[in-house]
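Thanks for making time this morning. I would like to walk through a few places in one protein chain, so please have the sequence and the model open while I talk.

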Amino acid sequence: MSTPASRHHKRPRGEGQWALGYREPLNKNEELKKNDDGLNVRQRIIDVYSKRGFDSIDPADLRGRMRWYGIYTQRKPGIDGGKTAILEPEELDDRYFMLRIRIDGGQLDLRQLRVIADLSNEYGRGTADVTDRQNIQLHWIEIESVPDIWRRLEEVGLSTTEACGDTPRTILGCPLAGIEDEEVLDATEQISEIHRRYIGDPAYSNLPRKFKSALSGCPAHCTVHEINDVAFVGVVNEHGEKGYDLWVGGGLSTNPMLGKRLGVFVSPERAGDVYGGVIGIFRDYGYRRLRHRARLKFLVNDWGPEKFREVLETEYLKEPLPDGPAPERPRGDRRDHVGVFRQKDGRFYVGFAPRVGRLSGDRLHLIADIAERHGSGRVRTTVEQKMVILDVTADRVDSLVAELEANDLRVNPSTFRRQTMACTGIEFCKLAIVDTKNTADRLIDELERRLPEFGEPLTINVNGCPNSCARIQTADIGLKGQLVMDENGQQVEGFQIHLGGSLGVNPGFGRKVRGLKTTSAALPDYVERVARNYDEQKKEGETFADWVQRADEADLK
């Protein structure tokens with residue numbers, strides 16, 4: 001006979017983990033995905049929306065499933081940042097789209113680059129931004145144009161499939177894979193295998209949230225493995241075998257966490273299976289009840305690396321993985337591959353810095369033409385919004401560099417041009433509060449004028465909202481967009497400042513000093529002041545991040 005207590009006993013609510021039986025729709029995003037897989041929107045775009053126009057698009061597709069193909073509505077022009085969190089989505093939506101082209105490993109040939117350039121000019125009003133995940137984004141895209149864009153991309157081996165959405169997004173890889181003289185191993189084959197096995201597969205197209213991946217044997221650790229959901233980092237084990245150290249659970253946004261090592265050694269031939277195991281754990285055990293806790297980092301943080309490894313080995317791989325070593329220290333103090341360096345085959349690669357990743361269709365054509373003139377058929381994008389031309393013979397290096405420099409594509413940039421990054425910002429992004437690209441561009445010019453001799457590494461990451469697309473917490477100077485009060489008591493665009501974030505040898509998130517903010521207009525004054533203080537006070541070999549930890553607050557303001 002049941003007691004009153006047992007009759008009223010409720011099943012624990014749980015976190016929406018499928019593997020534990022919690023499969024009911026728990027929020028509107030999970031309901032949307034349950035109703036129809038995001039991959040199915042492709043045919044509706046081709047058959048219906050592109051023919052009937054913007055007004056025919058189902059709202060659930062418009063603001064949800066179309067992301068599975070790298071398509072977001074962009075921000076309607078003229079809406080200031082103060083209205084970002086107030087207006088309804090349909091009030092912020094423009095009738096145009098941002099379209100993200102996924103470039104796994106940052107690998108492009110000149111034919112592909114020219115197709116992107118043509119699409120930018122024909123359909124995107126000449127826009128083309130290199131992102132910090134090696135993609136290229138176009139803007140001003142109309143729904144009527146999408147089928148032709150897809151056709152032309154796919155003809156050259158590119159796509160927008162799962163460039164956004166709750167999916168396995170673009171796989172980061174070292175742009176120098178296969179040519180870097182000191183690389184541990186070339187991850188190109190593993191990136192291709194993972195793309196072939198998992199991208200566009202309905203078995204992995206409904207994840208709790210986005211899933212960010214990196215595979216690299218780069219000695220500079222250029223794929224920022226510490227802040228990806230899953231990362232394979234090149235190592236050599238005690239037997240001299242080359243393979244990967246596995247990291248899981250990294251990510252930034254409003255709850256930043258560094259990835260954790262599982263302590264295993266993954267041979268190259270096992271990488272695809274291990275990737276499938278990790279993404280399977282995320283799909284089956286990831287938290288789906290609350291959207292803001294749906295990233296893999298929360299599960300890893302709760303489980304710990306030991307339990308995660310145990311579940312991976314016993315439930316998904318059905319066999320243990322051997323223990324393995326940690327990666328070597330990253331080479332150098334910059335992870336961007338800017339400059340001229342020798343390849344393992346004796347030729348050279350040349351890395352250059354566009355302004356905060358902002359390019360255009362015409363400039364993409366120019367880059368392709370310059371590369372071809374000097375004998376290269378391959379171009380790469382980096383995770384620092386930079387680009388690299390590969391396979392340049394020694395006799396062509398000087399002329400290639402001269403031509404890039406003459407077109408404001410700096411091979412020998414200032415610290416400020418080289419290490420300033422910016423997200424899309426209020427110009428196109430519906431989440432943004434402030435302008436980023438133009439603000440960062442002006443900042444570079446001012447700092448180059450005011451501090452022409454400053455040569456220390458100094459990352460300045462400019463973000464338009466709290467979501468950290470531009471990785472503000474891991475920058476020397478991280479700028480989080482918000483509205484602030486100016487000296488006249490007026491609300492204007494500005495930034496909260498994070499100081500001293502870093503990855504690599506001493507990873508950590510930036511220090512927040514109470515009340516440390518600046519208006520966009522006063523940003524050059526602020527950065528000049530703190531950069532001068534560092535330059536005057538630094539000890540021998542001391543990084544900006546190390547200096548911030550010991551500096552007086554007065555010197556940080």
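**Cysteines, a helix and some single residues**

Let me start with Cys218, which is buried, having a relative accessible area of 5%; here buried means under 20% relative accessible area, exposed means over 50%, and partly exposed is in between, with a 1.4 Å probe and protein chains only. Before I go on, please note that this is a predicted model, in which local features need pLDDT of at least 70 and side-chain atom pairs count only at pLDDT 80 or more, while totals for chains, interfaces and linings use all residues. Residues are numbered from 1 along each chain as its sequence is written, and side-chain values use heavy atoms, with hydrogens and water left out.

How many disulfides does a search of the whole structure find? The search finds 0, where a disulfide is taken as a pair of cysteine sulfur atoms within 2.5 Å. For Cys218, the closest cysteine sulfur belongs to Cys222 and is 3.8 Å away, which is too far for a bond.

Now to helix H8, which covers residues 188–198; helices (H or I, at least four residues) and strands (E, at least two) are DSSP runs, numbered from the N terminus. Its buried residues are Gln190, Ile191, Glu193, Ile194 and Tyr198. These lie on the same side of H8, because they cover an arc of only 165° around the axis, the arc being that of the directions from the helix axis to the C-beta atoms. As background, an α-helix has 3.6 residues a turn, so residues three or four places apart point the same way. The buried residues of H8 pack against strands E6 (168–173), E7 (211–216) and E9 (242–248), and against helix H9 (271–285), with contact meaning heavy atoms within 4.5 Å. On the face turned away from that buried side we find the exposed residues Glu189 and Arg196, and just after H8 Gly200 takes a positive phi of about 85°.

Next, please find Arg334, in the loop between helix H11 (305–317) and strand E11 (339–342). The side chain of Arg334 does make a polar contact of 3.1 Å with the side chain of Thr415, and another of 3.1 Å joins it to the side chain of Gln419. A polar contact is a pair of N or O atoms within 3.5 Å, and within protein one must be able to donate a hydrogen and the other to accept it, with residues adjacent in sequence counting only if both atoms are side-chain atoms.

Finally, Gln134 sits in the loop between strand E4 (127–130) and strand E5 (136–141), and counts as buried at 0% relative accessibility. A polar atom of its side chain lies 2.9 Å from the backbone oxygen of Thr381. Val530, in helix H16, is likewise buried at 0% relative accessibility.
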